[in-house]
Amino acid sequence: MKTSVVKRKNVVRVSDGSIAGRIVDFEFCPVSYQIQSVCIKEKQGLFNELFGLFTHDRVLVADVSRLVQIGKDVIMIDLPPVEKR
């Protein structure tokens, strides 16, 4: 599967079913050339999307072992649920 296809899919938390965001980058092992972790840009609210110029993107770095499944429509990942504010 191409990375461009993977980057178009939403990443969903298995713990609560919420959308974590989308994969924006990969980190590779310099020795084995295998993917070590994925960088996920967190999903932002409407306000942050409209006025993104004034906010910073938050990126989660998750170990590749946390990936549960790469499906046709979404990528499932084992991350803790989002804390309500």
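**Entry 1: ground rules and a surface patch**

I start with the rule for patches: they are made of residues with over 30% relative accessible area and no salt bridge, with like charges joined within 9 Å and nonpolar side chains (Val, Leu, Ile, Met, Phe, Trp, Tyr) within 5 Å. Accessible areas come from the Shrake-Rupley method with a 1.4 Å probe, and for residues only the protein chains shown count as cover. A salt bridge is a side-chain nitrogen of Lys or Arg within 4 Å of a carboxyl oxygen of Asp or Glu.

I note that this is a predicted model, where local features need pLDDT of at least 70 and side-chain atom pairs count only at pLDDT 80 or more, while totals for chains, interfaces and linings use all residues. Residues are numbered from 1 along each chain as its sequence is written, and side-chain values use heavy atoms, with hydrogens and water left out.

I looked up the nonpolar patch and found Val 24, Val 59 and Val 61 making about 230 Å² of surface. Val 59 sits in strand β4, residues 59–63. Val 59 is partly exposed because its relative accessibility is 45% (buried means under 20% relative accessible area, exposed over 50%, partly exposed in between, with a 1.4 Å probe and protein chains only).

**Entry 2: the fold in outline**

I counted two helices and six strands (DSSP runs numbered from the N terminus: helices are H or I with at least four residues, strands are E with at least two). Along the sequence I read the pattern α-β-β-β-α-β-β-β. Of the protein's 85 residues, 24% count as buried.

**Entry 3: the core**

Next I asked which residues form the largest nonpolar core. There are eleven: Val 6, Val 11, Ala 20, Ile 23, Phe 26, Val 38, Ile 40, Ala 62, Ile 75, Ile 77 and Leu 79. At least two residues of this core come from each of β2 (19–28), β3 (35–42) and β6 (74–77). The biggest share is from β2, with three residues. The term covers buried Ala, Val, Leu, Ile, Met, Phe, Trp, Tyr and Cys residues joined through side-chain atoms within 4.5 Å.

**Entry 4: Glu 42 and its two arginines**

I found one salt bridge in the count. Glu 42 pairs with Arg 58, their closest N and O atoms being 3.0 Å apart. Glu 42 lies in strand β3 and Arg 58 in the loop between α2 (46–50) and β4, so the pair ties together parts that are 16 residues apart in sequence. Their C-alpha atoms are separated by 5.7 Å. Glu 42 counts as buried because its relative accessibility is 18%, whereas Arg 58, at 45%, counts as partly exposed.

I did find the Arg 13 side chain reaching the backbone oxygen of Pro 80 at 3.0 Å.

**Entry 5: two more residues**

I checked Tyr 33, which has a positive phi of about 60° although it is not a glycine. Tyr 33 lies in the loop between β2 and β3. Tyr 33 counts as exposed because its relative accessible area is 66%.

Last, I went to Leu 60 in strand β4. Leu 60 is partly exposed, its relative accessible area being 22%. From Leu 60 to Ser 37 I read 10.0 Å, C-alpha to C-alpha, with the two lying 23 residues apart in sequence.

Definitions and conventions. A polar contact is a pair of N or O atoms within 3.5 Å; within protein, one must be able to donate a hydrogen and the other to accept it, and residues adjacent in sequence count only if both atoms are side-chain atoms.
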